[in-house]
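Please keep the sequence and the structure in view while reading.

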Amino acid sequence: VGFCVSLMANSVDDFDAPMQTHFIFTAAEALSVSVAQVVVKGVRAGSVIIDTLVNGLDTVMANTVAENASKVLPQGLSNAGFGVCSISEVVMKRDGASEEKIISEDITKANDESAKQEALGKIQCVARQ
């Protein structure tokens, strides 16, 4: 399960090793997974955008993590001192396909420009994984 977290009140320079560790522990707790399953794949500017991946999930747990990433994680991060944040739409692998293949299918199926832009945003997020 992959997603991007945007921390509005921080800069990339703020996201040092201790803050990254704090982020991983907070995300793991909010998503009900082990710390070893949460991976920061990259950090980039735009406030702070954290490309995040949660590994080692079966289908049921992947669905739970995907739901918690949208509903529970923003408040958990805020409560842990990360400030206001937003979560991109969560991307999950299906049947062993790569995220890029799934998103490409989403772009092909998109029937309007905003849906295509949303799918392209997913590619920008998961391409770093």
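Which residues have the most contacts inside the largest nonpolar core? They are Phe3, Val5, Leu7, Phe15 and Phe23, in a core of 27 residues. This is a predicted model, in which local features need pLDDT of at least 70 and side-chain atom pairs count only at pLDDT 80 or more, while totals for chains, interfaces and linings use all residues. Residues are numbered from 1 along each chain as its sequence is written, and side-chain values use heavy atoms, with hydrogens and water left out.

**Overall architecture**

- The chain contains 5 helices and 4 strands; helices (H or I, at least four residues) and strands (E, at least two) are DSSP runs, numbered from the N terminus.
- Along the sequence, these elements follow the pattern β-α-β-β-α-α-β-α-α.
- Of the 129 residues in the chain, 38% are buried; buried means under 20% relative accessible area, exposed over 50%, and partly exposed in between (1.4 Å probe, protein chains only).
- Among contacts in the chain with a separation of 6 or more, 65% are between residues 24 or more positions apart; contact means heavy atoms within 4.5 Å.

**The nonpolar core**

- A nonpolar core is a set of buried Ala, Val, Leu, Ile, Met, Phe, Trp, Tyr and Cys residues joined through side-chain atoms within 4.5 Å.

**Packing of H1 and H3**

- The axes of H1 and H3 come within 9 Å and cross at roughly 140°; axes are lines fitted to C-alpha atoms, for helices over the stretch in contact, and angles run from 0 to 180 degrees between N-to-C directions.
- H1 is therefore oblique to H3; angles under 35 degrees count as roughly parallel, over 145 as roughly antiparallel, 65 to 115 as roughly perpendicular and the rest as oblique.
- On the H1 side, the contact is made by Met19, His22, Phe23, Thr26, Ala27, Ala30 and Leu31, and on the H3 side by Leu73, Gly76, Leu77, Ala80 and Phe82.
- By class, this contact of H1 with H3 has 9 nonpolar, 3 polar and no charged residues; Ala, Val, Leu, Ile, Met, Phe, Trp, Tyr, Cys and Pro count as nonpolar, Asp, Glu, Lys and Arg as charged, and the others, Gly among them, as polar.

**Individual residues in strands**

- Ser6 lies in strand S1 and counts as buried because its relative accessibility is 16%.
- Leaving aside neighbours within four places in sequence, Ser6 is in contact with Val48, Ile49, Val84, Cys85 and Ser86.
- Lys41 belongs to strand S2 and counts as partly exposed, at 36% relative accessibility.
- Lys41 and Leu53 are 12 residues apart in sequence, and 6.8 Å separates them in space, C-alpha to C-alpha.

**Individual residues in loops**

- Ser32, in the loop between H1 and S2, is exposed, with a relative accessible area of 51%.
- Not counting residues up to four places away in sequence, Ser32 touches Met61 and Asn68; the C-alpha atoms of Ser32 and Asn68 are separated by 8.5 Å, although these residues are 36 residues apart along the chain.
- Gly83 is located in the loop between H3 and strand S4 (85–87) and counts as partly exposed, at 23% relative accessibility.
- Gly83 and Ala9 are 74 residues apart along the chain, with their C-alpha atoms separated by 6.0 Å.
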